[in-house]
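Trainee: I have a structure to work through. Can we take it question by question?

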Amino acid sequence: MKICVLPGDGIGPEIIAQAVRVLSSLDLKFELEEALLGGAAVDASGTPYPEATQKLAREADAVLLGAVGGPQWDTLAREIRPERGLLGIRKDLNLFANLRPAILYPELANASTLKPEVVAGLDILIIRELTGDIYFGQPRGIREENGERVGFNTMVYSESEIRRIGHVAFAAARKRDKRVCSVDKMNVLECTQLWRDVMIEVAKDYPDVELSHMLVDNAAMQLVKAPKQFDVMVTGNMFGDILSDEASMLTGSIGMLPSASLDDKQKGLYEPSHGSAPDIAGQGIANPLATILSVAMMLRYTFGLEEQALRIEAAVKKVLAQGFRTGDIYERGTSRVGTREMGDAVLAAL
Ligand code: NAD
């Protein structure tokens with residue numbers, strides 16, 4: 001089992017160090033190899049996704065990533081900005097399915113801006129299609145028309161693209177509460193009418209999973225009104241971009257949320273949902289739990305090691321119950337710890 005480790009920029013190396021300690025403490029045989037991505041790669045080689053990283057990422061069974069980006073690279077030409085490295089690796093590895101759980105641990109219910117009774121115990125999984133839709137559709141651009149500029153993009157999904165993300169959603173729901181809510185805008189957009197039709201076809205292969213549909217505007221409202229009604233939500237790239245950020249904010253603690261991006265052979269890139277947090281980088285205070293929970297997702301989805309994944313998740317729950325908190329989730333009466341101490345606590349709980 002070969003894992004490509006990409007610490008990236010900002011707090012990336014700090015949080016990855018703790019995730020690697022957790023992974024290495026399990027009694028499993030992994031080969032870990034590090035490479036550069038993002039700003040660190042630009043500084044070293046002039047490109048955010050260098051060839052050596054491409055080779056390693058392609059050979060590996062899974063990729064564990066910290067985060068990329070930072071203000072020092074924001075003025076570079078767009079093609080060599082750190083974020084291009086991220087888009088590059090996603091595309092290169094054909095990672096079409098993005099899985100983002102939004103879980104609110106009971107101990108952190110006060111971190112949410114919503115009332116505790118609305119969010120306590122929240123456990124939803126948002127599945128976003130990642131390689132299609134209006135973000136990649138052609139034609140696109142800005143042109144002159146009748147003496148003024150006109151901007152245009154194309155929303156496009158093929159049946160096969162919808163079908164493969166549908167299968168990911170139904171398979172994931174089978175391991176959970178067996179409910180899929182597909183989100184579209186079929187009342188206005190033909191492309192998403194096809195989305196709905198294909199989801200109904202895919203559902204026939206999963207008679208044990210309940211399929212429902214929701215228009216995206218209603219889904220945005222329901223997520224803040226009654227988020228616990230959902231189990232798995234599946235949607236396209238653009239709607240998923242927005243809804244998954246909305247869902248992560250329900251928990252109020254972005255430092256807690258992992259993510260997985262998968263191809264069709266269970267190869268995956270695993271990373272925290274947050275960015276490189278340049279404002280706190282190098283201070284040893286970042287929350288490593290989202291990255292540690294990303295390791296759990298890696299064990300579950302790429303390596304099929306459910307038991308080990310559950311062990312890590314249980315250890316994280318235990319350190320929260322013991323009162324350990326990094327600054328982002330700190331509240332009075334709990335113990336404030338740094339990145340490494342949080343790693344120590346997880347190791348002890350394991
Ligand atoms: P961010 O997620 O990095 O930070 C937002 C806020 O949350 C900051 O105040 C930060 O300190 C805090 N935060 C984030 N993660 C934390 C953690 N683990 N522990 C404690 N606090 C944490 O988002 P941003 O500030 O909008 O972006 C910063 C940089 O990250 C930008 O260059 C952006 O392009 C990049 N970015 C990268 C990714 C990625 O690598 N996948 C995702 C989003 C943003």
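Trainee: Which strands does helix α4 lie across, and at what angle does α4 run to β12?

Mentor: This is a predicted model, where local features need pLDDT of at least 70, side-chain atom pairs count only at pLDDT 80 or more, and totals for chains, interfaces and linings use all residues. Residues are numbered from 1 along each chain as its sequence is written, and side-chain values use heavy atoms, with hydrogens and water left out. Helices (H or I, at least four residues) and strands (E, at least two) are DSSP runs, numbered from the N terminus. Helix α4, residues 82–92, lies across β1 (2–8), β3 and β12, with contact meaning heavy atoms within 4.5 Å; axes are lines fitted to C-alpha atoms, for helices over the stretch in contact, and angles run from 0 to 180 degrees between N-to-C directions, which puts α4 to β12 at about 150°.

Trainee: Which strands are the edge strands of the sheet?

Mentor: The sheet is open, has 10 strands and shows mixed pairing. Two strands pair if DSSP finds at least two bridges between them. The order is β2-β1-β3-β12-β11-β4-β5-β10-β8-β9. Each edge strand pairs on one side only, and they are β2 (31–34) and β9 (210–215).

Trainee: What is the bridge partner of V63 in β12?

Mentor: Strand β3 covers residues 62–67, and β12 covers 268–272. They run parallel, joined by 3 bridges. In β12, V63 has as its bridge partner L269.

Trainee: Is K2 buried or exposed?

Mentor: K2 is found in strand β1. Its side chain makes a polar contact (a pair of N or O atoms within 3.5 Å; within protein, one must be able to donate a hydrogen and the other to accept it, and residues adjacent in sequence count only if both atoms are side-chain atoms) with the side chain of E59, at 3.3 Å. Buried means under 20% relative accessible area, exposed over 50%, partly exposed in between (1.4 Å probe, protein chains only). At 17% relative accessibility, K2 is therefore buried.

Trainee: How many residues of α10 are buried?

Mentor: Helix α10 spans residues 289–301 and has 13 residues. The helix is largely enclosed by the rest of the structure, because its buried residues number 13 of the 13.

Trainee: How far from an oxygen atom of the ligand is a backbone N or O atom of A277?

Mentor: A277 is among the residues that come nearest to the ligand. For G70, a backbone N or O atom lies 3.1 Å from a ligand oxygen atom. For A277, the distance from a backbone N or O atom to a ligand oxygen atom is 2.8 Å.

Note on methods:
The expected span of a helix is 1.5 Å times one less than its number of residues. A residue is near a molecule or strand if one of its heavy atoms lies within 4 Å of it.
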